[in-house]
Amino acid sequence: MSPPLNLSARLLAAARRGKVAPGAIRSAAAPLRYTPFRARSLCDETRSGPETSQRQFGHSLTEPLISVTKADLTPTKMPMTPTSADDTDTTGYSIDHLISQNGEWADANADWFKRHGHEKHAPKYLWIGCSDARTPANEILGEGPNAVFVHRNIANLVVNSDMNMLSVLQYAVNVLCVPHIIVCGHYDCGGVRASLSRSHLDSRDLGSPLEDWLRNIRDVQRLHAEELTAIKDPEQKVRRVVELNVIEQCLNIYKTGVVQRRRLLTSSVKSTFPQPRVHALVYNPLDGRLKQLDLDMRRYRSEMQAHYDIFAA
Ligand SMILES: [Zn+2]
């Protein structure tokens, strides 16, 4: 979605649905024309002509959806520099409050920092979890801050075009040499719930890139459609999608070249097991417990070998 500038929420929502008529909010005074990027627009214009795009999107793609005037960009409407209002926090969760709490926490744990503060950073686990605030990785595992290398995103996804996740994975496997990778989902996951809705088709559309991200979980639902269709209770279905999503993300980790090469290399070392080993966990925010899911790689290997040449010993 394009930057919101200072247009009203209603107008933006309408623009996202393609319901804003060309020129609807255009000012007569020297308008700066602003056209939201649409990846499909050139192809559609080229293939189908403007009439087709008019039918598809409700407007011609040669016309801008929204025009922004110079007046919209004045500092009074869109302040670019801090004002006195920035120093006022009425939420009760100011940064000063956090800094103060941090001081108390550091004092209370001073002995731990004396003992472990200078230790080499050598975590034994890579944790891929959800961004959800209820899933603090090392606390759930009962480990100290040095033990877990953490990557989090919405719904703990392993997406093969996510440079952030791939960089974390590469560093964890090739440099930190973590023997274990944990993918941990959690019940009552907002990302999973959203993926089960039809929001991408109606006015609740979250817009790109969030809807694109959730599509990865919809792919999981398609892969397991038969099992999921048989589950009639909606809450049970959400819980099962959480679990299946974790398992699919574990398989996605196994598919990566970084992990496959490391496992091949370490499989010839007699004193250890092929590393990294991947584990599928689900956290229950209602009682703090972890559930270990069955990740039988021998079974998956037979299904995946022909496509991914998986090494799963
Ligand atoms: Zn979540």
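Biologist: In which element is Gln 292 found?

Modeller: The model is a predicted one, and in it Gln 292 belongs to strand 7.

Biologist: What is the order of the strands in the open sheet?

Modeller: The sheet has five strands in the order 4-3-5-6-7, and their pairing is mixed.

Biologist: Why do strand 4 and strand 7 stand at the edges?

Modeller: Each of them has a single partner strand, so one side of strand 4 and one side of strand 7 (290–292) remain without a neighbour in the sheet. From one strand to the next, the twist averages 25 degrees.

Biologist: How do you know that strand 3 and strand 4 pair, and in which sense?

Modeller: Pairing requires at least two bridges between two strands. Strand 3 and strand 4 (residues 148–153) have six bridges, so they pair, and the sense is parallel. At one of these bridges, Ile 128 has His 151 of strand 4 as its partner.

Biologist: How many bridges join strand 3 to strand 5?

Modeller: Five bridges join these two strands, which run parallel. Ile 128 stands opposite Val 183 of strand 5. Val 183, in turn, stands opposite Ala 280 of strand 6. Strand 5 and strand 6 (residues 277–283) are also a parallel pair, with seven bridges between them.

Biologist: Why is strand 3 called largely enclosed by the rest of the structure?

Modeller: The cut-off for a buried residue is 20 or more other C-beta atoms within 10 Å. Six of the six residues of strand 3 (residues 125–130) are buried, so the rest of the structure largely encloses this strand. For the protein chain, 19% of the 313 residues count as buried.

Biologist: Which residues does UniProt list for "binding site"?

Modeller: The unreviewed UniProt entry lists Cys 130, Asp 132, His 186 and Cys 189 under that heading.

Biologist: How do you know that they gather at one spot?

Modeller: They span 60 residues in sequence, but no two of their C-alpha atoms are more than 8.7 Å apart, so they gather at one spot.

Biologist: What makes His 186 buried?

Modeller: The cut-off is 20 or more other C-beta atoms within 10 Å, and His 186 has 24, so this residue is buried. His 186 lies in strand 5 (residues 180–186). Apart from neighbours within four places in sequence, the contacts of His 186 include Cys 130, Asp 132, Val 242 and Tyr 283.

Biologist: Where is Cys 189 found, and is this residue buried or exposed?

Modeller: Cys 189 is found in the loop between strand 5 and helix 7 (190–196). With 27 other C-beta atoms within 10 Å, Cys 189 is buried. Beyond its neighbours within four places in sequence, Cys 189 is in contact with Cys 130, Asp 132, Ala 155 and Val 242.

Biologist: At what angle do the axes of helix 8 and helix 10 cross, and what is that arrangement called?

Modeller: The axes of helix 8 (residues 210–223) and helix 10 (residues 234–255) come within 10 Å and cross at roughly 100 degrees. Angles of 65 to 115 degrees count as roughly perpendicular, so helix 8 is roughly perpendicular to helix 10. Ile 217, Val 220, Gln 221 and Leu 223 of helix 8 meet Val 241, Leu 244, Asn 245 and Glu 248 of helix 10. By class, this contact has five nonpolar, two polar and one charged residues.

Biologist: Why are helix 6 and helix 11 called roughly parallel?

Modeller: Their axes cross at roughly 10 degrees and come within 9 Å, for helix 6 (residues 163–175) and helix 11 (residues 257–267). Angles under 35 degrees count as roughly parallel, and helix 6 and helix 11 are therefore described in that way. Helix 6 contributes Leu 169, Gln 170, Val 173 and Asn 174 to the contact, and helix 11 contributes Val 258, Val 259 and Arg 262. These residues divide into four nonpolar, two polar and one charged.

Biologist: How many helices and strands are there in the protein chain?

Modeller: The protein chain has twelve helices and seven strands. Of its contacts between residues at least 6 apart in sequence, 67% join residues at least 24 apart.

How values were computed:
Residues are numbered from 1 along each chain as its sequence is written. This is a predicted model: local features need pLDDT of at least 70, side-chain atom pairs count only at pLDDT 80 or more; totals for chains, interfaces and linings use all residues. Helices (H or I, at least four residues) and strands (E, at least two) are DSSP runs, numbered from the N terminus. A residue is buried if 20 or more other C-beta atoms lie within 10 Å of its own, exposed if 12 or fewer, and partly exposed in between; C-beta atoms are placed from the backbone. Two residues are in contact if their C-beta atoms, placed from the backbone, lie within 7 Å. UniProt positions are given in the numbering used here, feature names are shortened, and annotations may be inferred rather than shown by experiment. Axes are lines fitted to C-alpha atoms, for helices over the stretch in contact, and angles run from 0 to 180 degrees between N-to-C directions. Angles under 35 degrees count as roughly parallel, over 145 as roughly antiparallel, 65 to 115 as roughly perpendicular and the rest as oblique. Ala, Val, Leu, Ile, Met, Phe, Trp, Tyr, Cys and Pro count as nonpolar, Asp, Glu, Lys and Arg as charged, and the others, Gly among them, as polar.
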